Amino acid sequence: MAEPRDQDKQWDLYVRPANYLLDDRTTDLRAMVEDYFRDPIRYLDWLFGAECDRMVARIDSGVLPDGSFETDPASSAAALVAEVANELGVTADAAALYLQLATLTVPSDRNIRLWNGWKPARHRAAEAVLADNGLVVRDKRGRVGRGVFLPGKWIGKPGIEDWKWQLHALEKRYSDKGVRGVSTPHVILPELFRAAWQLTSELRSRPPSTDDTDAAVPESISPLESNSETVEHSAVHAVQPAGPDATAVEEHPLDDYTSLGEAVCGHHYHNEPAGPKMLRAIRITSNLLRGGTLPPAADQWIHASGDRVWTNLLPGIGVVALRAVSPVTSGHDREYLLALLEVWADTVFADPAVDLLVGRVETTVPVLGDARGVAVALGESHSDTRGFVAVRPGEADPPALGVIHEVTSIGPRWGDAGQLHAFVAAVRERGPAPWDAVAVEIFVQRTGMSPAASALILAGYLGWYLRPKEDLSADQRRILGIGPAAAEDGAGELNELEGRQQSAALLARILPDDPDELWQAGGMQRVAGRAADAWVARHGRRPAVPESTRVAAAALRTELNDTVFGPSGAGLCAILAAPDSAPVLVVPQQILAEKRNGRYGLADVGAGRGFLFHRSWRPLIEASRWAYSHVPASDPVHEGARRTLELLRLRLRDPGLVLRLTYANDREIGALSELSGISPVTDADGGRLYDDGLVVAWTDDAANASWTVHFRPANYGFTAHSDLLRATTDRYHRELSYVDWLFGPDCDRILARLTAADLPAGGYETDPRLTAPALVANIADKLQLDTDAATLYLQLLTLLDPTDRNIRRWNGWKTAHHKTIEEHLITRNLLLRDERKRAGRTAFLPGPWVGKPGMELWKLPLHDLVMQFRNTVENPGLSTPRRALPDLFHAAWQRIRTGDLPA
């Protein structure tokens with residue numbers, strides 16, 4: 001044992017595995033750590049125990065066929081599968097699946113298909129057999145990747161059936177909210193399958209109940225007590241008009257959720273919900289809206305009727321038709337899309353005489369109807385609400401399922417029954433419509449969107465969170481006329497502006513009444529015009545930005561390593577080119593919210609989709625520095641950088657703004673509390689909140705010593721309090737350094753340069769002939785160089801990214817002229833020739849090369865950069881300067897004059 005540290009008053013305990021034996025001393029040690037952290041002891045017991053010996057022997061036996069998994073009982077326990085199939089009266093596939101669901105901790109759909117070598121259709125067939133025989137229940141449970149479960153309570157996150165914890169020798173922790181253990185078995189699987197089969201005998205003798213999740217838990221498994229994570233099911237039978245059974249619909253041969261989801265979304269789709277399949281759910285919902293009823297056994301409809309694919313199409317089916325007719329869509333996907341359109345054509349959603357409403361509601365009632373109309377709940381709850389759809393036959397509002405949070409009337413839209421059937425017939429007869437590049441250009445010119453985003457919209461990809469690297473093949477990109485980088489940024493541009501349901505509404509009326517028009521000359525151009533009009537009506541027209549600037553901004557976004565949450569390159573350009581109309585810069589956002597559901601948090605207000613200030617402010621600072629240094633004068637992105645920085649200063653001085661920082665422990669919060677004289681407040685739930693005006697920190701559990709730390713930038717400055725916060729967070733996070741820079745002298749100098757606006761049109765700040773001409777002349781005189789040679793030498797001394805391509809663009813040079821100047825500097829021993837990976841150049845300053853993609857070590861102090869672990873550089877790859885470039889040029893030459901030479 002090591003001596004205790006003063007601040008925690010605890011001993012550090014270690015164990016020597018070589019001396020660990022299964023004797024009395026080991027028993028005492030095991031008892032000592034039982035209530036704390038006994039994982040090392042558990043692992044040692046297993047590693048030197050009989051179960052490990054049996055697992056090694058199983059591996060050495062080589063009994064499994066090549067390519068098969070131990071988790072597939074058809075391979076590892078074939079005799080047991082036959083026994084189960086015989087006793088339960090089910091198929092061999094269903095018996096194998098039953099054993100997997102009864103035994104394994106992670107029998108997700110993806111795993112089952114991988115282990116068993118099954119296609120989705122075969123998997124669903126096995127599930128249906130088990131469901132039809134009452135052996136499993138269908139349900140939706142968060143983050144488990146499957147939709148069928150054996151009856152019983154549900155515990156933990158992401159969760160397992162309550163009775164499995166003893167089967168796998170897991171530990172229940174934290175009032176049933178967590179189960180300690182992992183998904184790997186501690187016993188060889190054939191024996192585990194046999195044990196699970198024996199333990200479920202009582203479960204099999206008692207049919208599962210859809211109204212009681214506590215039913216059929218075997219007493220022999222000693223189920224855990226009830227807990228807050230148990231899945232609840234509504235047993236409310238809603239009042240609704242008498243009518244036929246709404247669930248009496250025929251099975252469609254193409255009703256496969258995965259295939260339909262991938263066809264509609266255009267990307268890999270694995271979020272298959274429990275309950276009815278997609279086409280069946282569409283038909284049942286339509287039947288309910290037309291007066292059909294749910295049988296008592298369908299009370300769980302509210303948990304299963306809607307997913308995030310088809311319910312988002314309610315504002316308009318046009319986006320599906322657009323994908324179906326696009327040449328980018330595969331033949332396989334097209335067949336599923338046409339099947340969806342055919343089903344849609346025969347539902348209430350394709351009846352133009354029906355007034356449809358969609359929205360979100362707090363409810364546990366699946367369906368409610370009377371003479372005023374019918375309302376149907378859709379899908380599982382999200383933030384205490386769920387979606388709903390309703391029909392309104394007259395002037396009165398339909399009955400409310402509960403407390404309505406939002407509601408929208410779906411207006412006129414393309415896609416009545418006649419249009420849909422004619423469209424499907426035309427596509428089946430003529431195939432996809434030819435791609436029209438002119439249509440893309442029309443959309444670009446009329447909206448200001450990038451060519452990549454415009455092409456994706458006209459291919460029907462809007463609103464579906466496309467990931468082009470995984471979802472677009474080279475052939476698809478060739479048809480669209482976009483490269484890999486442009487596709488990535490174009491997808492990001494759409495994701496930050498349009499959600500699924502919004503995109504369905506946007507494209508609801510763009511297709512022609514006569515589908516044959518799509519194959520005629522100019523047909524897609526007219527579609528593009530209507531789509532552009534709808535886009536501008538919703539989003540306005542973006543400012544015109546040169547495509548070269550947009551491409552460079554996309555590269556900057558990649559360099560920032562912020563391609564998930566930060567603005568796209570096109571989004572950055574739109575903000576910089578028109579900062580006064582960018583909501584992210586002018587609308588107050590992110591304030592401290594009231595405690596909700598036992599947790600503290602922040603509330604984002606007013607920003608609009610995609611441009612949340614807490615995700616955008618740091619990328620916008622970097623983008624403003626890039627626009628100042630790397631974008632030519634007269635470009636709207638360069639011209640807007642000054643105003644963007646000014647608005648960022650205003651936003652960060654908003655007294656209501658709260659920004660996320662890091663985590664802290666009790667000791668660090670205690671130091672802040674001692675300095676401020678303000679103590680944390682403990683609420684009735686045991687949560688603690690510390691708010692001293694600058695620092696806002698909380699922990700939701702009194703036993704949790706980890707605090708989530710935020711700060712109010714309006715109260716941040718150069719004070720003792722701010723210094724302590726800076727010391728607390730600088731170990732991991734750089735947010736405060738951005739605030740320091742934004743209100744510091746370096747930002748003042750850049751703002752002064754932008755205000756001066758003394759560059760000629762098309763000139764770059766990185767060209768010292770324009771920004772420091774006297775210095776260039778001085779260097780040329782001192783070193784006996786001509787002006788261009790002195791310019792290149794100063795650029796290589798100073799800039800972080802003087803690639804060949806950049807130098808020629810900044811200086812307006814041809815390749816031959818550039819190389820002639822380089823050779824002259826090399827013969828003067830001012831530069832050296834070398835090949836360095838990803839450097840983008842072959843001429844370098846003498847001396848060490850550090851970081852990735854790399855820079856000369858000599859430059860680090862010039863840019864206030866420091867070396868970090870394993871030859872890395874702080875903020876690697878980031879080429880935007882933090883100081884005004886004339887100042888940097890002079891500072892670099894001053895080092896040379898004082899004898900601090902690269903070497």
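Exposed, as used in these legends, means a relative accessible area over 50%, and buried means one under 20%; the model shown is a predicted one.

**View 1**

**View 1. R712 in the loop between β18 and α32.**
The loop that holds R712 runs between strand β18 (707-711) and helix α32 (720-729). R712 has a relative accessible area of 14%, and is therefore buried, since the cut-off for that term is under 20%. A polar atom of the R712 side chain lies 3.4 Å from the backbone oxygen of G693.

**View 2. The packing of helix α16 against helix α17.**
Helix α16 (residues 331-345) and helix α17 (residues 417-430) have their axes 8 Å apart and pack at an angle of about 155°, which means that α16 is roughly antiparallel to α17, as angles over 145 degrees are counted in that way. The crossing of these two helices, α16 and α17, is left-handed. On the α16 side, the residues that meet α17 are R334, E335, L338, A339, L341, E342, W344 and A345, while on the α17 side the residues in contact are A417, L420, H421, F423, V424, V427 and R428.

Key. Residues are numbered from 1 along each chain as its sequence is written. This is a predicted model: local features need pLDDT of at least 70, side-chain atom pairs count only at pLDDT 80 or more; totals for chains, interfaces and linings use all residues. Side-chain values use heavy atoms; hydrogens and water are left out. Helices (H or I, at least four residues) and strands (E, at least two) are DSSP runs, numbered from the N terminus. Buried means under 20% relative accessible area, exposed over 50%, partly exposed in between (1.4 Å probe, protein chains only). A polar contact is a pair of N or O atoms within 3.5 Å; within protein, one must be able to donate a hydrogen and the other to accept it, and residues adjacent in sequence count only if both atoms are side-chain atoms. Axes are lines fitted to C-alpha atoms, for helices over the stretch in contact, and angles run from 0 to 180 degrees between N-to-C directions. Angles under 35 degrees count as roughly parallel, over 145 as roughly antiparallel, 65 to 115 as roughly perpendicular and the rest as oblique. A crossing is left-handed if the near helix is turned anticlockwise from the far one by less than a right angle, and right-handed if clockwise. Contact means heavy atoms within 4.5 Å.
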